[in-house]
Amino acid sequence: MKPRIDTEKPHTARIYDYYLGGKDNFAADRRTAERAMQSWPAVRTAVRENRAFLGRAVRFLVAEAGIRQFLDIGTGLPSANNVHEVAQGLVPSCRVVYVDNDPIVLAHARALLTSTPEGKTAYIHADLREPEKILSDPVTKATLDFSQPIALMLVAVLHFVPDSDGPRRIVDTLLDALPSGSYLAASHVTPEHDPVGVGGLERTYQASGLPAQARVADDFAELAFRGLDMVEPGLVLVSEWRPAAGGVRPPASEVNWYGAIARKP
Ligand SMILES: C[S@@+](CC[C@H](N)C(=O)[O-])C[C@H]1O[C@@H](n2cnc3c(N)ncnc32)[C@H](O)[C@@H]1O
């Protein structure tokens, strides 16, 4: 049975789509987003910077790290520069498994299944908090070769897993399944540069029934990257992770979002 799309309750994928200027959102999502923007007015700048980080991360992983397989959890609604589009644009044989737990992403998943003939893309409706199910899903097993390096993408999703859900165990379970030479790319909202604004957004999400927990750099590093070899420039604002030359970068108090990539030794 297909999971039901509830338009009365806000969902993070649809709120994010609204921030990005997309059309796959409903009044409840827009209300929560507008309330959140009262606390953190530059959140649209921040999500664009996060999305740009995602693109640069995939390019780095394919072009410099030699990665050909991706497990992208917390995919979001199809948008510009989806992981497979960037990856297969560089190497057409790249394979991607997309995972999200939002029924609306499932409804739009067709747009993620436009693989090149040489590569493969697949979509699973599943929850990050149940990593074993993601790993043992027949679609995952049929698409990814776990004897070869895989990039695990946890981009803008770990802040929806509060400490009470045991995020460290989740990350460990996923990383344990990957061979040496695999990578983790992750990004995460932080309260460090605008505690009042980001705290307000966090409370707005929580009041709408959405789990949200911003984390400081040390906590994000400990949660996601412990035991991995950090790629230069390390854990930095997403806007500062190997930025394109020449662009003007927004201040930290607008971005409020860290990103990093690391290699499993
Ligand atoms: C902010 S969007 C990020 C989209 C994309 N990764 C990016 O960075 O542009 C977060 C996505 O994570 C999904 N998500 C949140 N909690 C999740 C969970 N527990 N399991 C799977 N997906 C989840 C949401 O539905 C949403 O699509």
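Leaving aside neighbours within four places in sequence, which residues is Asp 127 in contact with? In this predicted model, the partners of Asp 127 are Asn 101 and Ile 134. Below is a friendly tour of that loop residue, of the aromatic pairs, and of a glycine in another loop.

**Asp 127 and its loop**
- Asp 127 is found in the loop that runs between strand E3 (120-125) and helix H6 (131-136).
- Its relative accessible area is 16%, so Asp 127 is classed as buried, the cut-off being under 20%.
- A polar atom of the Asp 127 side chain lies 2.8 Å from the backbone nitrogen of Arg 129.

**Aromatic pairs**
- Across the whole structure, a search turns up six aromatic pairs.
- One of them joins Trp 40 and Trp 257: the ring centres are 6.4 Å apart and the planes meet at 55°, so this pair is tilted.
- Trp 40 sits in the loop between helix H2 (27-39) and helix H3 (43-63), while Trp 257 belongs to strand E8 (residues 257-263), so the pair ties together parts that are 217 residues apart in sequence.
- Both tryptophans are tucked away from the surface by the numbers: Trp 40 counts as buried at 1% relative accessibility, and Trp 257 counts as buried at 4%.
- Phe 220 and Phe 225 make an edge-to-face pair, because their planes stand at 75° with the ring centres 5.4 Å apart.
- Phe 220 has 0% relative accessibility and counts as buried; Phe 225 is buried too, with a relative accessible area of 5%.

**An aromatic cluster and a charge over a ring**
- Phe 53, Phe 60, Tyr 183 and Trp 241 come together as one aromatic cluster.
- Arg 44 lies over the face of Tyr 18, at 4.8 Å from the ring centre.

**Gly 181 and its surroundings**
- Look for Gly 181 in the loop linking helix H8 (167-176) to strand E5 (183-189).
- With 10% relative accessibility, Gly 181 counts as buried, because the cut-off for that class is under 20%.
- Which residues does Gly 181 touch, not counting residues up to four places away in sequence? They are Ile 67, Pro 149, Arg 263 and Lys 264.
- Gly 181 and Ala 262 are 81 residues apart along the chain, and their C-alpha atoms are separated by 9.8 Å.

Notes. Residues are numbered from 1 along each chain as its sequence is written. This is a predicted model: local features need pLDDT of at least 70, side-chain atom pairs count only at pLDDT 80 or more; totals for chains, interfaces and linings use all residues. Side-chain values use heavy atoms; hydrogens and water are left out. Helices (H or I, at least four residues) and strands (E, at least two) are DSSP runs, numbered from the N terminus. Buried means under 20% relative accessible area, exposed over 50%, partly exposed in between (1.4 Å probe, protein chains only). Contact means heavy atoms within 4.5 Å. Rings of Phe, Tyr and Trp (its six-membered ring) pair if their centres lie within 6.5 Å; planes under 30 degrees apart count as stacked, over 60 as edge-to-face and the rest as tilted. A charge sits over a ring if NZ of Lys or CZ of Arg is within 6 Å of the ring centre and within 35 degrees of the ring normal. A polar contact is a pair of N or O atoms within 3.5 Å; within protein, one must be able to donate a hydrogen and the other to accept it, and residues adjacent in sequence count only if both atoms are side-chain atoms.
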